[in-house]
Amino acid sequence: MFVFGHLGITLGLFMLLEHRLPALKGRIDYAAVLFGSMLPDLIDKPIGRVIFSGTIDNGRIFAHTLLFFIILCGAAFYIWKKKNDMRSMFLCAASFCHLIEDNMWEVPATLFWPLMGWQFPSNPGPYDGILDYFQTLMTYAYTPALDYVFVSEATGFMILLLLSVRYLRQKYLLYVISGALKP
């Protein structure tokens, strides 16, 4: 899964939770959710695919592990207790959604690192540098096909599009109601 899938599906999930659970109404920090939905990739892709492309050559390493999630939860819980700030908890939950969306249970050596060994599985791709890597990603993610990556990206894009239209519509209605804009 790539950018639209992680952002859209995670954002849609949290909005659904806020709608279904009255205790969460108005309490979710969506900036933290969006950042958390991409956090594992923001950490691991530069490290595994760019900096250590010659040795690790995998974009799912440290931040795609349960150990990272547990450390993140500990930090979030500490911040919540000390400052009564829930943002870090939402970031943590969104980061966990990222692991689920990436089907990390299919790569237990990474998910349970270091319990199953210190090495991360190598995932070499047919790349001739960083530009070729991004070109291959874009081609793979956005070529229409009924595979998991394309369907999740299309779903995430549609969720983001629908939420954007809803947001803009609400803003337009506020302008009309306030009299600042004539219908």
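Okay, let's start with D85: at a relative accessible area of 19%, D85 is buried, because the cut-off for buried is under 20%. Keep in mind that this is a predicted model.

So who does D85 talk to? The side chains of D85 and R87 meet in a salt bridge, 2.7 Å from N to O. Salt bridges that share partners then tie D29, D85 and R87 into one network. The R87 and D29 pair has its closest N and O atoms 3.9 Å apart. That one links distant parts of the chain: R87 sits in helix α4, D29 in the loop between α1 and α2, and 58 residues separate them. R87 counts as partly exposed, because its relative accessibility is 45%, and D29, at 21%, counts as partly exposed too.

How many salt bridges are there? The count comes to 4. Another of them is D41 with K45, with 3.7 Å between the closest N and O atoms. D41 and K45 both lie in helix α2, 4 residues apart, which is about one turn of the helix. In general, an α-helix has 3.6 residues a turn, so residues three or four places apart point the same way. D41 counts as buried at 8% relative accessibility, while K45 is at 23% and counts as partly exposed.

Next, helix α3, residues 66-83. Its 18 residues should span 26 Å at 1.5 Å a residue, and the end C-alpha atoms are 25 Å apart, so that agrees. Which residues of α3 are buried? Those are F68, F69, L72 and A76. They cover an arc of only 95 degrees around the axis, so they sit on the same side of α3. Their cover includes α2 and α4.

Last stop, the surface. There's a nonpolar patch of about 490 Å², made by V3, F4, F157, M158, L161 and V165. Where does the largest share come from? From α7, with 4 residues. Helices α1 (3-20) and α7 (148-178) each supply at least two residues of the patch. V3, for one, is in helix α1, and it counts as partly exposed because its relative accessibility is 41%.

That's my tour; happy to take questions.

Methods
Residues are numbered from 1 along each chain as its sequence is written. This is a predicted model: local features need pLDDT of at least 70, side-chain atom pairs count only at pLDDT 80 or more; totals for chains, interfaces and linings use all residues. Side-chain values use heavy atoms; hydrogens and water are left out. Patches are made of residues with over 30% relative accessible area and no salt bridge: like charges are joined within 9 Å, nonpolar side chains (Val, Leu, Ile, Met, Phe, Trp, Tyr) within 5 Å. Accessible areas come from the Shrake-Rupley method with a 1.4 Å probe; for residues, only the protein chains shown count as cover. Buried means under 20% relative accessible area, exposed over 50%, partly exposed in between (1.4 Å probe, protein chains only). The expected span of a helix is 1.5 Å times one less than its number of residues. The arc is that of the directions from the helix axis to the C-beta atoms. Contact means heavy atoms within 4.5 Å.
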